[in-house]
Amino acid sequence: MSAGGFNGDVNSFAGLSAIPGSGPNAALGYHVLKDASITAVASSVPMDAAAAPVVAAVGKVATKIPGVEAAMAKVADFANSLKGPGTPGTVTQPYGELAPGLSGTGVQAHHLNQDAAYGSLIPKDQGVSLPMPGNAITDVGSPHYDAHASMEGFWNQFREGGAREGETPTNAEVLQATNKSLQNAGVPSNTARQATQEAAAQQKQYGLQPESAVPRVPGKLNQVQPTQPTAPPNAPPVPAVKNP
Amino acid sequence: MTLRPATLATLEHFKKADWFVRVGQNLVDSGNITVPITIVSSWAEAIQHCQDSEWEWLLNESANIYRERLAKVAQKEFNTWNEHIRAVKEFSGPLVKAKLAPVQKEHDLPPKVESTLRWIVTMTLTEAEYAHITEPGYLTKLSFWIVNGHFPCDWKGEFPNGNLIIY
């Protein structure tokens, strides 16, 4: 049979006949992955009792409202206070160090090298992260939600029906999208830039080259969609727009 | 970019096959397949299934698993993935559209049916491009059902346990 020949036997399709154990029942090794950055992390690390209410309040108000940058700065200050000795001059922390201290605050650790894309290449707990107010799936308009919404727009290009359907981005393209997503979430541009540089350094540390293709495109996050404003029951009908 | 012989052969099988001729019918020849199969009986059911987010997840994850395997054994070759994808899409897109046209006209199918088939066929052809490096993945196996006149449209249960749903 010629290469890729097909005679009705499933194993012969596209040259599969030559491959032992590659029939339709061969284990795929399917992984049910969960985006670590949206998973609540149980903490055994006691939080500074005085700081906790401040952070919780920031988490509640840090939506797309005036003053969001100030709120983000407070979160960053708090994150720095958690760092202890840490690494001088960095704005990010390893997820495993940051997440426990944020438990119950309404702020979550946000992986910059998204775990759903890089989880098999960069250990989850080592992934450089920023504290982000809100739940990435449910807290519509929160910084964490907005950062992921921005990344979802990027990844959608590569998913079924996207403009670059089936393709994969390079590591450099992902970093560019990450920088944009942080700014879309209200992170000051200089902080976003530095955080992205730290994510790039981590990629390099794990042998990932900027021009290399990224194997994994994360599955859809299925974020809660913003509700459309509805007219009150007795509101007058909206006049039709003519010749817009 | 010129397609490899294995890819051209696979493309020929897709072209020669009579798509959708066995939709809703019981399996005539299931070969050595032992995976549990559930057959749905109408396009309406098939459409509902193929819009399931779990199916979309499975199709995406299957591509991820294949690409991870390929990148692990041949990162340099994997870096040309997009060139191969773009090359095969010149054929897979028009092929799916042409094969789907008769049933599309009759059943007014949503775009999701076309994009599902395009994803499976595109990935199958791209996996054939790399067949000299690593074995094809699960999406190639799903193509078996397309060339046998069915429409694979969902999976129920936690993979790899569970049922493949086909029309």
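**Exercise 1. In what order do the three strands of the open sheet in chain A lie, and is the pairing parallel or antiparallel?**

Solution. This is a predicted model: local features need pLDDT of at least 70, side-chain atom pairs count only at pLDDT 80 or more, and totals for chains, interfaces and linings use all residues. Residues are numbered from 1 along each chain as its sequence is written, and chains are lettered from A and ligands numbered from 1 in the order in which they are written.

Step 1. Helices (H or I, at least four residues) and strands (E, at least two) are DSSP runs, numbered from the N terminus. Chain A has seven helices and three strands, and its elements run α-α-β-α-β-α-β-α-α-α from the N terminus on.

Step 2. Two strands pair if DSSP finds at least two bridges between them. The order in the sheet of chain A is 1-3-2, with antiparallel pairing. Strand 1 (93-94) and strand 2 (107-111) of chain A are the edge strands, each pairing on one side only.

Step 3. Two bridges join strand 1 of chain A to strand 3 (residues 128-133) of chain A in the antiparallel sense. Gln93(A) has Ser129(A) in strand 3 of chain A as its bridge partner.

**Exercise 2. Find which strands of chain A are touched by helix 5 of chain A, which packs on the sheet.**

Solution. Contact means that the C-beta atoms of two residues, placed from the backbone, lie within 7 Å. Angles run from 0 to 180 degrees between N-to-C directions, and axes are lines fitted to C-alpha atoms, for helices over the stretch in contact.

Step 1. Helix 5 (residues 143-156) of chain A touches strand 2 and strand 3 of chain A, and its direction makes about 125° with that of strand 3 of chain A.

Step 2. Helix 3 (residues 95-102) of chain A lies across strand 1, strand 2 and strand 3 of chain A, and runs at about 165° to strand 2 of chain A.

**Exercise 3. Decide whether Val224(A) is buried or exposed.**

Solution. A residue is buried if 20 or more other C-beta atoms lie within 10 Å of its own, exposed if 12 or fewer, and partly exposed in between; C-beta atoms are placed from the backbone.

Step 1. Val224(A) lies in the segment after helix 7 (189-205) of chain A.

Step 2. Val224(A) has 11 other C-beta atoms within 10 Å, so Val224(A) is exposed.

Step 3. Not counting residues up to four places away in sequence, Val224(A) touches Ile137(A), Thr138(A) and Val140(A). For the whole of chain A, 39% of the 244 residues count as buried.

**Exercise 4. Why do the buried residues of helix 2 of chain B line one face of the helix?**

Solution. Step 1. The buried residues of helix 2 (residues 43-50) of chain B are Trp43(B), Ala46(B), Ile47(B), His49(B) and Cys50(B).

Step 2. Seen down the axis of helix 2 of chain B, these buried residues fall within an arc of 165°, so they line one face. The arc is that of the directions from the helix axis to the C-beta atoms. An α-helix has 3.6 residues a turn, so residues three or four places apart point the same way.

Step 3. The cover over these residues includes helix 3 (53-73), helix 5 (81-107), helix 6 (111-129), strand 2 (152-156) and strand 3 (163-166) of chain B. In chain B, buried residues make up 44% of the 167 residues.
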